[in-house]
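Hi everyone, thanks for coming. Please have a look at the structure on the screen, and then I'll walk you through a few parts of it.

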Amino acid sequence: MWVPSRDTWIFEPALLHTWQLSAEIVIAQLNGKEVFLDPGTKFCPYGLVDWRYSSVQGIRQREGKDTEIVESASLDFSHASIERLGRVQVTPDGKAAGTINVGYYGLEAIERRSAGGRTDAEGRKKLLEDEVKSWLPADSDVSLTNAPNWGATDEQLGAEFKISCPLAVGAGKRWIVPVHLFQVNEKPRYSASERTNPVYFDYLWREIDEIHLTLPPEFAVESVPPSDTVQLEYARYRTIQKQEAANSVVAIRDLMVGRLVVQPNKYKEIKGFFDKVKTEDDQPVVAKAAVHAELR
Amino acid sequence: MRNSGRWYAPTAAVLLMASCAWATIPDWVRSAAGASLPKYEPDTNAVVLLDEVSYSVTGPDEYIEHYRRAVKILRPDGRGEGNFGVSFRQKEKVTSLHAWSIDKSGHEYELKEKDFAERGLFDFELYNDIRLRTATAPAANPDSVVAFEYEVRRRPWLNHIDWGFEESIPVHEAHVVLHLPQGWEYRASWAGISPVTPTQSTGSDAEWILHDLPAIKHEAMSPPFWALSARLGLAYLEPGPSNRNASSWEALGRWYDQLTTGKRNPTPDLSEKTHQLTAGKTDFDGKVRALASFLQSDIRYVAIEIGVGGYQPHPAQDVFRARYGDCKDKATLLSSMLHEVGVESDYVIVSTYRGTVHPDVPSPVFNHMILAIEVPSGTNADSYRTLVTAKNGKRYLIFDPTDPYTPLGELRGELQNTYALLVAGGRGELIRTPLLGPDTNMLVRTGHFTLGADGGLAGEIVEDRSGDHAWRERIALIPANQQERTQQIEKRISRSLNGFTLEKADIQHLDQIDQKLVISLKLNDPGYGQIRGPLMLVRPRILGEKSFALERKPRQYPFQFERTSRETDSFEIELPKEYAVEDVPDPVKVDAGFASYQSKVEVQGSKVRYSREFVRRDVMIGPEHTEELRKFLGTIGADEAAEVVLKRAP
């Protein structure tokens, strides 16, 4: 199947120009079913096509038959997900130190493996460490501690890190501790109050995060952000925060987006969804110390 | 390495049909490829094995430039080193052009002159006559050696050569060779490195060789590359009197004065317009301000640079008639108009990249022209912040007519505290532009808000901006339509607030650049206070971010900021009667010398008042202060994130 690359062009059947079509994917017949394959995209696993060639119209050619205009495979959010697990201990000076495990699945793995394929081991290490730094508070220290399976195609890309970063801020005798560590730097997704053009996501995606956060023993958790769910017809966000011990909490966050295009008349709805996500992501844990909680 | 302005990475690769069967690798490439190299850091992308340039001067307006370069690529990220290019101007001729590669398996490849594409150089100008010949070496992969050689017959406007030895990758061996005709002389000057003695010098010939120069690695906020690299300036002098060299700043000024002779001559219509614009203005300030305003608002910036046009302005009458020109055209026209009303002025050639002009290396490495307006003795000049006194005792007001948003008497940050060449009295004098103090560049925010029992925050903020704080906003807002302005303001607010509604944005004095820019915002944020059972968390710092992230790597170069600054925030929040203050962040006061920061939260009855002041006193912070800066920024970051804890009254 001859397809456009929808990061730059959407196929227009009435326009008789071959330059619209820039890539080829394969439709294989397997046990009576059609399977879309993308042998031209390095690291693309069986059964998946690069997002640029998914959900697009293109020209299909069958042996001995005329060509026809068909749509390529549609991918759902399970084909592009990131899972993160963090275990961090907050030290008496308000810094967090611990480990982070990240799994990139489907399209997320293809993107990183493709970028990694253009550099060497040193460059690949920097690529992942820079990405984790971009999630964490400023002045973070991140080092990759495992050897990710860069060359694999059919399994997730797994990476482990040792991290440290400033985290808790003082409020008199209390500490305010951000609990959604991977979203600390995220800015509101939409700032404009009005929108003229549709919102277009490259692909559907999911993020699943779990953070275990332990405070110094002299601190006690006073307040944990309430668990919440925000749901649209095509997007869902859920957080669960629980106190695990007097000085520790676990926070689970699950964000999923399941629509590629949101029309301008639904802009306020999608903006409201992400504003709410940001508000919930920003909810910190409040901790109280027996003595004045001065950061040391 | 590279001659400033003559080296461009090509954007298009050439389809290559070269193969090992046809390649003829010259001995100098083989010799360079066999060099024994020191050990480099693992993130070193490539190393320059040999960088050799030879200048053979054949006469007052011609020399032959012969260049050789061999690079070993060490990492995939170094593949760009296989892109080669040479630029040339009208009347210059590329007489030979070759490239070669030896891949890690020993296969050899060659590119010949026909394999190099030719294209124009797209830059800031509407048109220039610079052409490029570019190609990409085959097999430009890790462990390959790529090499490039060209020869160009150059037609210089000035008998001067600048050469930078250091690059973003290490240089193993660098040569600069100069051949002069009999009886000619040269003067070498150095920056960024102690003066190097020529390895051979026979009066009119000389060769300088440098070994194992480290890479200049990119660091955020560092001075420009050309300010960090080891540099050689070569002025070559023909026998007898000549006015086309840069053997000194004075000589460079002489050349420029000659190049611009007659360009400021007025015409009757120019003169008439000048008198029309200054009608009724009797004093120096009134006349100069009227003409400066005309240049800023009525003459569009359009650069057309052909031949010597990169240096030489168009005649004032042409700029006046066409109503457009580049920086030197605008300076020329303003100078001409000022003369018509009895105000004298002189050219000031400057670089917008602070540090690239080194006082020890007379050189035309400038990229901008502004004007020095002579302030008559007895004139009250108290309102001007950009005064410079020349060696001859004349007081000058420095002004940039190309900048439409900086008023007379001020100078935007990138032009402050930098060396510039004043061309006055038929010669040049190196001057230093002033560094203006923090009070000339202020951002003052004052806000009054009401917090609801549901956590909603509503209120107004007024921003008073001067200096570059106003300049940047004007650049963004003046060309924008109303919708775009609203979006830009919303985007700025969204760095601090989420889910807010901007109810009103009122902009005052947007076009009155002589006045402070005042932006008044009315906004609300329904989810500002975070309710947590009986507690509510409220961040008293409502808008504005002063902190930023620093890389953890050891720092090599200074941090360079454009200008000093004073920024204050004062936010008052009326609390809901259902809540009382339970906890407030501690006050912060830190003075790192180069900058200071203080903030405090006060509770006054039902109000919480947050105030802070950030002052940047210096524009250059040495690398030895990196940890101090990190700590300073960390303190600000923590203060910006701090919360007031409220508790619901029982």
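I'll start with how to read the model, then turn to confidence, the chain contact, some helices and a sheet.

This is a predicted model, in which local features need pLDDT of at least 70, side-chain atom pairs count only at pLDDT 80 or more, and totals for chains, interfaces and linings use all residues. Residues are numbered from 1 along each chain as its sequence is written, while chains are lettered from A and ligands numbered from 1 in the order in which they are written.

Confidence, then: pLDDT is the predictor's confidence in each residue, from 0 to 100. Chain A averages 94, with 98% of the residues scoring at least 70. Residues 292-296 of chain A have a pLDDT below 50. Where pLDDT is low, the predicted coordinates should not be read in detail.

Now, how do the chains touch? In chain A, 27 residues are in contact with 38 residues of chain B (C-beta atoms, placed from the backbone, within 7 Å). Among the elements giving two or more residues to the chain A side are helix H2 (121-135) and helix H3 (267-281) of chain A. That side divides into 8 nonpolar, 9 polar and 10 charged residues; Ala, Val, Leu, Ile, Met, Phe, Trp, Tyr, Cys and Pro count as nonpolar, Asp, Glu, Lys and Arg as charged, and the others, Gly among them, as polar.

On to chain B. Helices (H or I, at least four residues) and strands (E, at least two) are DSSP runs, numbered from the N terminus. The axes of helix H5 (residues 284-298) of chain B and H7(B) come within 10 Å and cross at roughly 150°, with angles running from 0 to 180 degrees between N-to-C directions of lines fitted to C-alpha atoms, for helices over the stretch in contact. So H5(B) is roughly antiparallel to H7(B) (over 145 degrees). B:Leu291 and B:Leu295 are among the H5(B) residues that meet H7(B), where the partners include B:Leu334 and B:Met337.

S3(B) and S8(B) pair over 6 bridges, and B:Ser87 has B:Leu132 as its bridge partner.

Key: Two strands pair if DSSP finds at least two bridges between them. Two residues are in contact if their C-beta atoms, placed from the backbone, lie within 7 Å. Angles under 35 degrees count as roughly parallel, over 145 as roughly antiparallel, 65 to 115 as roughly perpendicular and the rest as oblique.
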